[in-house]
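I shall begin with the aromatic rings and then turn to the chain as a whole.

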Amino acid sequence: MELPFAEPYKIKVVEPIKKSTRQQREEWIAQARYNLFNLRSDQVFIDLLTDSGTGAMSHMQWSEIMLGDESYAGSLSYFKLKDTISSLLGMPYFLPTHQGRAAENVLFSAMIKQGDVVPGNSHFDTTKGHIEYRRARAIDCTIDEAADTTILHPFKGNIDLEKLEKVFKKYPKEKIPLCLITVTCNTSGGQPVSMQNIKDVSALCRQYDIPVFFDAARFAENAYFIKVREKEYENHGIRDIVKEMFSYVDGATMSSKKDAIVNIGGFIACRDKALFDKASMFNIMFEGYITYGGLAGRDLGALAQGLMEGTEFDYLEARIGQVAYLGNKLMEYGIPIQQPTGGHAVFVDAKKFLAHIPKEEYQAQTLGVELYLEGGVRSVEIGTLLADRDPLSRKNRYPALELLRLAIPRRAYTNNHMEYVAACLKNIYDRRDTIKKGFRIVSEAPIMRHFTVELEKA
Ligand code: F0G
């Protein structure tokens with residue numbers, strides 16, 4: 001018989017997780033003001049809040065922790081990471097930062113000013129936050145197919161070239177400091193961008209003389225999708241694909257907490273020495289000296305090792321395979337999800353799941369609270385709360401997609417955990433008509449409100 005798939009690793013260390021009763025969960029979620037971020041982690045059984053910084057490091061990464069060189073300047077761990085970034089991504093300059101949003105803060109301080117626009121596919125919330133904080137505007141040019149969860153487009157993270165060119169024609173070049181391609185595109189459902197699209201966007205940017213950057217948090221997962229979904233690349237190695245992807249851009253911000261499988265870390269990579277020099281000044285101000293950028297030497301070493309492990313085909317096959325496993329289970333149960341399943345998470349279409357709850361009562365958040373109550377599973381809303389208010393009108397922005405994200409930490413859970421999560425959602429789906437009301441906001445922060453928003457039952 002054909003041998004079944006099995007993970008290319010075994011488990012050396014385990015961390016117990018605790019079940020709870022529904023009554024306990026009802027108390028805890030009320031105390032948390034119906035915001036899943038406010039729960040203590042021991043109140044959660046399976047934590048799918050994020051795949052960021054929650055992965056399991058390998059024995060090789062843990063040995064890098066011991067090898068870490070904690071010199072303030074010129075640490076050997078820094079040079080290990082510099083060499084890895086230069087050979088893997090082909091980027092000559094890099095600055096370490098403590099995480100992805102710190103990279104955004106530093107890079108955007110050097111590049112973006114008031115009144116600018118930054119087109120791209122859907123920007124992640126911190127990215128948009130850092131753009132809007134500078135009184136600039138993020139413009140979403142993702143292809144329309146991304147907004148329909150039932151369309152089976154292989155690259156729903158792609159940028160619509162016509163939409164992008166419209167932006168280039170509407171605004172003078174001086175107002176467009178960069179175009180940003182998020183790989184994979186978290187906000188549209190962990191959806192990849194094709195190599196062809198990266199190439200085309202890059203060519204258009206060159207034509208209009210606009211720099212193009214990656215938000216590279218999940219670049220390796222994107223490379224895997226290029227290999228398995230883009231015919232021309234089926235015989236290419238992951239690292240060759242990665243190298244080619246980066247050859248089309250001028251630089252990148254990276255949250256290493258994702259595809260570099262570390263618990264903390266980030267960086268900026270670029271080709272332009274003048275930009276590197278300018279960003280270095282902000283890095284020193286906000287993060288730390290340019291050879292550590294808010295990280296310990298040991299973190300830099302683990303990050304370098306993680307970049308290599310994160311770009312191995314076998315690892316990526318197991319990783320993306322587990323996400324697809326959960327997605328397929330949910331589809332088997334008739335639950336509406338963003339199709340095809342994304343890289344790091346399964347995105348449940350809450351607009352369809354809870355069609356009878358008005359959007360003003362936050363459908364995806366309502367589903368997230370139900371999922372927690374059902375089985376202690378923590379997920380995250382990628383919908384109206386996250387989309388926040390329009391910076392000018394202060395009205396709620398209702399996004400095209402109202403999603404509940406089940407983000408899967410890397411190498412942390414087994415497929416039995418996925419079965420459990422799927423069963424919880426099936427139970428809720430079967431009784432969805434009994435969920436009568438959603439939530440309303442009691443208090444919220446002026447920017448990135450979803451982290452701290454307080455809610456009450458509507
Ligand atoms: N860009 C993307 C595409 C992200 O998904 C994230 C974080 C960031 C930037 C910011 O990086 O967290 O290291 O500061 N995403 C996490 C998530 C938080 O849950 O999707 P960070």
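Predicted model: local features only at pLDDT ≥ 70, side-chain atom pairs only at ≥ 80, totals over all residues.

The count of aromatic pairs comes to 16. The rule takes the rings of Phe, Tyr and Trp (for Trp, its six-membered ring) and pairs them if their centres lie within 6.5 Å; planes under 30 degrees apart count as stacked, over 60 as edge-to-face, and the rest as tilted. How are the rings of Phe37 and Phe451 arranged? Their centres are 5.0 Å apart and their planes stand at 70°, so this pair is edge-to-face. Phe37 belongs to the loop between α1 (22–31) and β1 (46–47), while Phe451 belongs to the loop between β13 (439–443) and β14 (454–457); the pair thus links distant parts of the chain, 414 residues apart. Helices (H or I, at least four residues) and strands (E, at least two) are DSSP runs, numbered from the N terminus.

Residues are numbered from 1 along each chain as its sequence is written, and side-chain values use heavy atoms, with hydrogens and water left out.

A second pair, Phe219 and Phe246, is edge-to-face, with 5.7 Å from centre to centre and 80° between the planes. Phe219 lies in helix α8 (residues 219–229) and Phe246 in helix α9 (residues 238–247), so the pair ties together parts that are 27 residues apart in sequence. Both Phe219 and Phe246 are buried.

Let us stay with helix α9. Its buried residues include Ile238, Ile241, Val242 and Met245. The buried residues of α9 pack against α3 (76–89), α7 (195–208), β6 (212–215), α8, β7 and α12 (313–332). Strand β7 (residues 251–255) contains Thr253, which counts as buried at 3% relative accessibility. Apart from its neighbours within four places in sequence, Thr253 is in contact (heavy atoms within 4.5 Å) with residues including Ala103, Phe214 and Phe267. Phe267 also takes part in a cluster that ring pairs form with Tyr78, Phe79 and Phe94.

Arg432 lies over the face of Tyr429, at 3.9 Å from the ring centre.

Finally, the whole chain. The protein chain has 16 helices and 14 strands. Buried residues make up 58% of its 458 residues. The C-alpha atoms fill a box of roughly 60 × 55 × 45 Å along the principal axes. An automatic or database domain assignment gives domain 1 (22–51 + 313–457) and domain 2 (59–309). The centres of domain 1 and domain 2, taken over C-alpha atoms, are separated by 26 Å, and 32 residues of domain 1 are in contact with 36 residues of domain 2.

Methods:
Buried < 20%, exposed > 50% of the residue type's maximum accessible area, 1.4 Å probe, protein only. Lys NZ or Arg CZ within 6 Å of the ring centre and 35° of its normal.
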